[in-house]
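Here are some friendly notes to read with the model open beside you.

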Amino acid sequence: MAKENLSQSEQTKNWFGMTQIILEDKKNKLGVTIGPVGVWDQDHIDKLKIASELAGINPVIDCDFTADGKPYAAVPLLGYPNLNKFLEKKDLNWDQKLHLVETCARILEGAHKKGLTHGAFCPEQIFINNKEVFIDGIGFGTGGTPPDSVSKFLAPENTSNITASESADIFSLGKLLEVLSEDEEAPRSLKRLITWSTSENPEARPPSALEFASIVKESLSKKDPYFQAGYIAISEYEELIKTSAESLDKNDEITEQDSIKQNDISFADLKAKQEARRVSSTLVQETDEDLEVVHSNQAENISSKFSDNEPKRGFLLKALGVAAVLLAITFFISSQLNDEDDNNLALDQKTSETEASSSPSTEKEATAKDTKQSDDVSGDSEEFKNTLINSSVVDIADAGLQIVHGIPETEVDVYFDDELIIKGFSSGDVVGPIVNEPGEYKIGFYKAEENPPVAQSDRKDSAVLDSNLKMVDEPVSVIAFVDSFGNISLNSTSTIVSDVAPGKSRVMVHNYTTENSIEVLLNDESFNITNGASSVSEVAAGNTILEIRAENQTLSDEISLLDGELSNIFIYGSGKNKSINLSEIRLSGLDSAPIGIPSGDSGLLEKSKNQDIPAIKIGGLLFILVATGLVLRRNTRVKNEFS
Amino acid sequence: MSLVKHIVRVTSGALACICFLAAWIPVQVETAGPEFESFAVRSGEIGNSNIKSTPKILKISGINLNAVITPVGVDKDNAFDVPSSDLVGWYQYGSSPGSFGSTVLAAHVDYAGVEGIFFNLQKVKVGQTITIETELGYTEYKVSAVKSYEKTGLPINELFTKSGPEKLQLITCDGEFDKIDRSYKNNLVVTAIPV
């Protein structure tokens with residue numbers, strides 16, 4: 001890219017005690033936040049990487065450590081107005097405000113479920129593009145002193161020094177709702193929610209952002225969402241990263257002054273690190289059992305976003321693209337022709353050598369870049385958006401047909417009755433209800449593509465899974481999984497929908513692993529589930545400890561269930577490969593009321609009432625006698641006066 | 001700059017533009033198609049469905065009642081586990097103040113030969129104020145109904161509903177006392193709505 005197309009500046013933000021460098025081309029801006037050493041650890045960096053895949057979060061395009069140990073993260077600098085602009089212009093009506101705060105709560109819930117917190121959530125961090133909402137700065141809120149405009153939204157426990165926590169984010173949500181309610185007649189339930197959320201005691205706040213969102217949603221007059229969690233195509237910034245790297249490498253003048261270089265970062269390095277992470281992810285699996293699923297998922301996500309899963313273009317298209325690049329280079333070179341032509345040609349030669357030596361990748365990466373370059377063009381036509389909602393509870397009356405993706409490390413496009421219903425369905429995710437009507441349906445899984453056709457019949461590649469299923473008049477969950485023979489299969493699981501006893505919940509565990517048997521520990525109860533079989537247990541509402549033991553691998557989790565909820569736990573994967581994982585579908589509405597309220601055993605109330613009756617009678621008689629006496633006396637007086 | 005260089009520049013620039021456009025058009029054709037909506041995908045991670053605000057103190061000034069509330073569930077027979085002392089029981093598996101549905105509190109009218117904390121609940125009148133203190137503050141309710149139901153006809157699912165408008169239900173025993181069964185035949189239900 002020509003030098004004039006790329007500019008960069010540096011500014012320091014004291015807010016987080018970190019330095020931010022801005023890079024921009026004609027189309028996009030990218031902010032790289034750097035250091036200081038120790039402010040983020042590797043675990044935090046790992047979590048930030050996950051943020052790039054969550055809807056509504058300004059994606060972290062890359063993050064890692066510099067050679068001298070400073071953490072950095074690159075995020076798009078959004079050009080959309082933040083919420084303060086809308087509030088200044090009073091552009092939002094009451095319902096839109098509520099939709100907005102509900103959307104923000106759901107976005108934060110998604111982040112919290114991935115172990116990320118904001119720490120400094122406020123209107124400045126909320127960006128709105130038409131009806132899409134983005135939250136910036138998730139995962140950045142560690143350390144530093146916030147500006148005054150932010151302080152009022154911060155929980156009391158972190159106003160002086162930002163320490164991110166879920167409860168602090170919920171406090172900020174409460175403050176946001178309070179600000180949005182200032183000129184409105186907020187219903188009592190929301191006033192109560194504000195009080196609840198902004199409690200000084202973090203323990204006394206709502207237990208989750210999802211709970212907050214649910215309460216707000218109940219106050220909406222229009223249930224159709226006005227806002228939705230936004231999505232940013234990272235591919236649009238790929239070009240900026242790439243051209244930045246090339247420009248930095250090519251241009252000595254920029255390189256010498258460039259503070260990125262001073263911090264030992266170049267975007268060529270970032271690209272190389274991403275590639276290295278992808279390759280090394282399998283090694284991580286072997287060395288760190290706890291993180292293996294996270295890392296493999298990250299690797300899959302990073303690779304899918306940056307190179308491997310991009311659609312292949314036709315030869316003609318590639319040829320045209322290459323011709324265009326060559327001609328553009330010719331155009332550039334010819335425009336620079338002057339009396340010093342020879343010197344410039346020597347510089348170009350040197351630049352080429354530098355590129356070749358500095359880049360750790362070979363032809364393979366070059367091919368990937370070429371592919372990516374053509375894909376960036378198609379990236380502009382991105383229309384499809386998945387909404388990622390974590391831990392949603394479905395009422396049993398609406399449960400219908402649910403689908404669980406239990407094929408490890410495989411992202412797929414899902415077709416239902418020949419139509420595309422999900423693009424990029426990741427392992428472990430669930431979806432549903434798809435339908436509620438009994439009938440026979442067809443389901444197809446295909447390896448995820450960038451732009452999958454809407455009709456299954458237009459797919460040219462072979463299906464990962466193509467199967468028919470029958471739904472009778474009861475909720476059913478189907479899981480796609482790898483069976484013990486290594487084949488990808490689809491299996492239906494009926495849900496036991498009878499009411500549970502009052503104060504109880506139901507836990508069903510289904511073994512779809514490749515193991516012959518897995519051991520399940522549910523609180524203090526231990527039992528084995530053979531391959532393809534299920535268990536059903538009723539547990540007291542509240543917290544239940546679940547542990548799954550298979551060959552070479554143990555999973556454990558805590559399930560917090562309300563009375564009448566059903567937790568459908570699907571176990572899949574292989575113990576030998578340490579790929580066993582679980583997914584939950586949670587249903588509600590199986591609760592029942594106590595059979596009675598025995599609240600008296602002595603008959604004192606009846607005695608009291610019986611004792612009261614004579615007293616009332618005597619009182620009444622006395623009243624009548626006195627009244628009669630008074631009347632008679634009055635009559636006597638009147639007679640005496642007339643006589 | 002020579003004329004040849006000018007021609008080279010103009011020609012190559014024009015060709016570059018044409019090639020870029022040519023490369024662009026097929027992509028647009030390829031991606032155009034019917035629009036479709038994705039189903040909402042959610043993470044399969046185990047969720048967390050806890051918890052709610054806990055009522056602590058019940059006050060009914062009209063009958064000089066000031067009682068401590070304790071969370072309870074059901075007994076071995078799946079009946080409301082009404083606390084046996086001078087406490088008021090809150091059905092912890094139901095709703096709580098500030099949420100949808102009915103917050104249900106129950107206490108004894110009498111127990112083991114002594115008057116229970118709800119002995120005078122029958123004296124509560126429509127329109128009187130009831131206050132519930134939680135860890136977050138207090139909520140005021142206004143009594144909307146006082147009704148005695150035969151236990152066999154008690155609308156129990158309605159009383160314990162978790163959906164619909166917020167309500168407070170205070171329940172104790174009432175009516176004729178069966179000396180053989182040692183139980184009352186009715187339940188008194190005081191319903192109150194938030195102020």
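1. Let us start with one pair of residues: Y441(A) has L469(A) as its bridge partner in β16(A). The two strands involved, β15(A) and strand β16 (residues 465-471) of chain A, run antiparallel and are joined by seven bridges. Strands here are DSSP runs of E with at least two residues, helices are runs of H or I with at least four, and both are numbered from the N terminus. Two strands pair if DSSP finds at least two bridges between them.

2. A word on what you are looking at: this is a predicted model, in which local features need pLDDT of at least 70 and side-chain atom pairs count only at pLDDT 80 or more, while totals for chains, interfaces and linings use all residues. Residues are numbered from 1 along each chain as its sequence is written, and chains are lettered from A and ligands numbered from 1 in the order in which they are written.

3. Strand β15 (residues 439-447) of chain A also pairs with strand β12 (residues 412-416) of chain A, in the antiparallel sense and over five bridges. Here Y446(A) in β15(A) is the bridge partner of D413(A). As background, strands of a sheet pair through backbone hydrogen bonds, either parallel or antiparallel.

4. Next, please trace an open sheet of four strands in chain A, whose order is β21-β20-β23-β24, with antiparallel pairing. Why is one side of β21 (525-530) and of β24 (553-561) left without a neighbour in the sheet? Both strands of chain A stand at the edges, so each has a single partner strand. From one strand to the next the twist averages 20° (axes are lines fitted to C-alpha atoms, for helices over the stretch in contact, and angles run from 0 to 180 degrees between N-to-C directions). Nine bridges hold the antiparallel pairing of strand β23 (residues 542-550) of chain A with β24(A), and L546(A) has D557(A) of β24(A) as its bridge partner.

5. A second open sheet in chain A has five strands in the order β10-β26-β25-β19-β22, and its pairing is mixed. The edges are β10 (393-395) and β22 (534-540) of chain A, each with a single partner strand. The twist averages 25° from one strand to the next. Within this sheet, strand β25 (residues 566-573) and strand β26 (residues 581-588) of chain A run antiparallel and are joined by seven bridges; I571(A) stands opposite L582(A) in β26(A).

6. Now for two helices. Helix α6 (residues 188-197) and helix α7 (residues 209-218) of chain A pack at an angle of about 160°, with their axes 9 Å apart. That makes α6(A) roughly antiparallel to α7(A) (under 35 degrees counts as roughly parallel, over 145 as roughly antiparallel, 65 to 115 as roughly perpendicular and the rest as oblique). The contact is made by S189(A), L193(A) and S197(A) of α6(A) and by F212(A), I215(A) and E218(A) of α7(A); two residues are in contact if their C-beta atoms, placed from the backbone, lie within 7 Å.

7. Finally, is K167(B) buried or exposed? K167(B) counts as buried, because 21 C-beta neighbours lie inside 10 Å (buried needs 20 or more other C-beta atoms within 10 Å, exposed 12 or fewer, and partly exposed is in between, with C-beta atoms placed from the backbone). K167(B) sits in strand β10 (residues 167-178) of chain B. Leaving aside neighbours within four places in sequence, K167(B) is in contact with S102(B), T191(B) and I193(B).
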